[in-house]
Amino acid sequence: MDELQRTLSELFQAGIENNAVMNMFFDDYVTFHWVRIIFGSILTLAIICTSVFLLRKARKTTAAYGFEKRVFKIFGVAGIVISLAFLVIIYANIATVDNPVRGFGWFIEDFAASKGNIYSDEMRSTFNDWLQLGTGDMPAIIATEIQALGNAYRLKVVAFGISGMLIFAMSLWIWRTLIKKSREFEQVNGRFTGKDRLTLFFGSSLGTFTIVCSFVLIVMTEISLRWVVSPSAVFLMNFM
């Protein structure tokens, strides 16, 4: 454990409220978790609504259109499973907000056990001195770094958000095309030929790949948005 890690541990044990600098980072830590709860809840609600819509579509689709019915059912069930996983994450963040001091304490313990080699010795020394001082304006080197982190994550929000929406739109087009084709195949032949099955297989593979990519990008957008709102929390974590 180096000097900075020791300082953080000692200040936490002495009481966060007794140090203005420590209290500022603690408030940002709490804000970070509130953002996770809010945006995580919005994303989860959107997934649940979409899943219910797809499952209802699957129920209303006749057995004659088997491919279409399976697509709706598979994505509907997958959405419910993902929503349950997200609800567990949201619950964990609610528990943290309910007792933020305990959560921050665990974070400080992890910090104390880390190697902490990301930032330069000058940054670590400046941050350590500011923490020990406990008051005063934020040092320029730290203010510049936090601003740079905020700007970087703003760009990520834009890049991930736009990419996610474009790929999601592409995925919707692929699945709509596949469903339309499957209806045509079933109406013309009464069943799928080998060529039809091959077309649907490769199309489904591409559609699944794009929907997974768009989902990952949307999650990364949500993660980056948290850091935009609380860049000082990123700054603190980067010391770990």
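Predicted model: local features only at pLDDT ≥ 70, side-chain atom pairs only at ≥ 80, totals over all residues.
The mean pLDDT of the protein is 85, and 92% of its residues reach 70 or more.

**Helices α3 and α7**

- Helix α3 spans residues 66-98 and helix α7 spans residues 194-229.
- Their axes come within 14 Å and cross at roughly 25 degrees.
- An angle under 35 degrees counts as roughly parallel, and α3 and α7 are therefore roughly parallel to each other.
- The crossing of α3 and α7 is right-handed.

**Helices α1 and α5**

- Helix α1 (residues 3-14) packs with helix α5 (residues 121-133) at an angle of about 25 degrees.
- The axes of α1 and α5 are 9 Å apart.
- The two helices α1 and α5 are therefore roughly parallel to each other.
- The crossing in which α1 passes α5 is left-handed.
- On the α1 side, the residues in contact are Glu3, Leu4, Gln5, Thr7, Leu8 and Leu11; on the α5 side, they are Arg124, Phe127, Asn128, Leu131 and Gln132.
- Sorted by class, the residues of this contact are five nonpolar, four polar and two charged.

**Helices α2 and α3**

- Helices α2 and α3 pack with their axes 8 Å apart, at an angle of about 160 degrees.
- Angles over 145 degrees count as roughly antiparallel, so α2 and α3 are roughly antiparallel to each other.
- α2 passes α3 in a crossing that is left-handed.
- The contact of α2 with α3 comprises 21 nonpolar, 10 polar and five charged residues.

**Aromatic pairs**

- There are 13 aromatic pairs in the structure.
- One of them joins Phe25 and Phe127, with ring centres 5.3 Å apart and ring planes at 65 degrees, so this pair is edge-to-face.
- Phe25 lies in helix α2 (residues 20-60) and Phe127 in helix α5, so the pair links distant parts of the chain, 102 residues apart.
- Phe127 is also among the α5 residues that meet α1.

**Confidence of the elements**

- Among the elements of the protein, helix α4 (residues 100-113) has the lowest mean pLDDT, 75.
- The highest mean pLDDT among the elements, 92, belongs to α3.

Conventions: Residues numbered from 1 in each chain as written. Heavy atoms only, no water. Axes fitted to C-alpha atoms, helices over the stretch in contact; angles between N-to-C directions. Helix = DSSP H or I, 4+ residues; strand = E, 2+ residues; numbered from the N terminus. Parallel < 35°, antiparallel > 145°, perpendicular 65-115°, else oblique. Left-handed = near helix turned anticlockwise from the far one by under 90°. pLDDT = per-residue confidence, 0-100. Contact = heavy atoms within 4.5 Å. Nonpolar A, V, L, I, M, F, W, Y, C, P; charged D, E, K, R; others polar. Phe/Tyr/Trp six-rings, centres within 6.5 Å; stacked < 30°, edge-to-face > 60°.
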